[in-house]
Amino acid sequence: KSRADTPRGPLYTLFVTHASLVSIVLSGAVFALVAYQELGVFAPNFENSFGDKPIDLNIGKTYPPLIFNYISDYGLEGCTQYLRGFVPLDTLFPFAGGVFLAFCIGWLSKQSEGTSGYWPLILVPLASWLFDWTENAFFVCMVLWTPAQPVAFAWAGYVVSLSKLATLAGSFVIVLILAAIIFLQVCPLRAANRKNDQGCNPDFVAA
C-alpha cells in the first residue's frame with residue numbers, strides 16, 4: 001500500500017491537507033494579535049500595578065514557594081485581574097500558537113520531496129497547546145485556593161509548565177529543521193535544472 005493510500009485522520013486533514021501559505025499567514029496574524037494583547041499590553045500594565053508579572057510569564061520560576069509569593073503579592077485585586085484579564089488571553093494564546101505552528105509544520109512536511117512523511121510532528125505544537133491549558137488550570141486553582149498553599153499540587157503544576165516549555169521549544173526547532181531540509185533539497189535541484197537548461201543549447205542540436 002502506498003503512502004498516499006494510507007488512511008489519514010482529522011488532524012492530517014486539518015493541518016496538512018489544508019495547510020497553505022494563506023492558512024499560515026492568517027493563523028500567524030491571529031497569533032501575533034493575541035500575543036501583542038497579552039505580552040505587549042496586559043502584562044506590562046499588570047506588572048506596573050501589582051509588582052510582579054502574571055504567574056505564567058515567570059518562565060521557569062513557578063515552583064513553590066515562588067508561585068505562592070506571586071499570588072500573595074498580587075493581593076485580592078491582582079488575583080481578580082489575573083483571573084478575569086490574563087487567563088482569557090492566555091487561553092487564546094496557546095491555542096492560536098499551536099494552530100499556527102501546526103500549519104507551519106504541516107505545510108513544510110508537504111514541501112519535503114513532495115511527501116508528507118514528517119506530518120506527525122504537528123502533534124508537538126498541539127501538545128504544547130494542551131500542556132499550556134493544563135498549566136492554566138493548575139494556576140487558576142492555586143489562585144482560587146488562596147491562602148492555602150498546596151505544595152505537592154504546585155510541584156505537579158511546575159512539571160506541566162516544564163513540559164509546555166519543552167514542547168514549545170521543540171515546535172520551533174522542528175520548523176527550523178524542516179525549513180533547512182527543504183532548503184537543502186531545493187538548492188541542488190535548482191542548480192541541476194540550470195545546468196540542464198544550459199546544456200540544451202540549440203546551437204549544438206544536429207540539423
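Predicted model: local features only at pLDDT ≥ 70, side-chain atom pairs only at ≥ 80, totals over all residues.
Is leucine 130 buried, partly exposed or exposed, and what is its relative accessible area? The legends below take this up in turn.

View 1. Residues are numbered from 1 along each chain as its sequence is written, and side-chain values use heavy atoms, with hydrogens and water left out. The protein has five helices and zero strands (DSSP runs numbered from the N terminus: H or I of at least four residues for helices, E of at least two for strands). Its average pLDDT, the predictor's confidence in each residue from 0 to 100, is 89. Mean confidence is highest in α4, at 98, and lowest in α5, at 84. Over residues 1-5 the pLDDT is below 50.

View 2. Leucine 130 sits in helix α4 and is partly exposed, with a relative accessible area of 48% (buried is under 20%, exposed over 50%, partly exposed in between, with a 1.4 Å probe and protein chains only). Together with Phe95 and Trp133, Leu130 forms a nonpolar patch of about 280 Å² of accessible area, computed by the Shrake-Rupley method with a 1.4 Å probe, only the protein chains shown counting as cover for residues.

**View 3. The largest nonpolar core has 26 residues.** A nonpolar core is a set of buried Ala, Val, Leu, Ile, Met, Phe, Trp, Tyr and Cys residues joined through side-chain atoms within 4.5 Å. Phe15, Phe100 and Ile122 are among those with the most contacts inside this core. Helices α1 (10-17), α2 (21-50), α3 (66-111), α4 (123-144) and α5 (151-199) each supply at least two of its residues, and α3 gives the most, with ten. Leaving aside neighbours within four places in sequence, isoleucine 122 is in contact (heavy atoms within 4.5 Å) with Leu11, Phe15, Ala102, Ile105 and Gly106. A second, separate core of 22 residues includes Leu57, Tyr74, Val87 and Met142.

**View 4. Lysine 164 is a buried residue.** Lysine 164 lies in helix α5, and its relative accessibility is 7%. Beyond its neighbours within four places in sequence, lysine 164 is in contact with Asp56, Ser128, Phe131, Asp132 and Glu135.

Methods
Patch = residues over 30% accessible without salt bridge, like charges linked within 9 Å, V, L, I, M, F, W, Y side chains within 5 Å. Salt bridge = Lys/Arg side-chain N within 4 Å of Asp/Glu carboxyl O.
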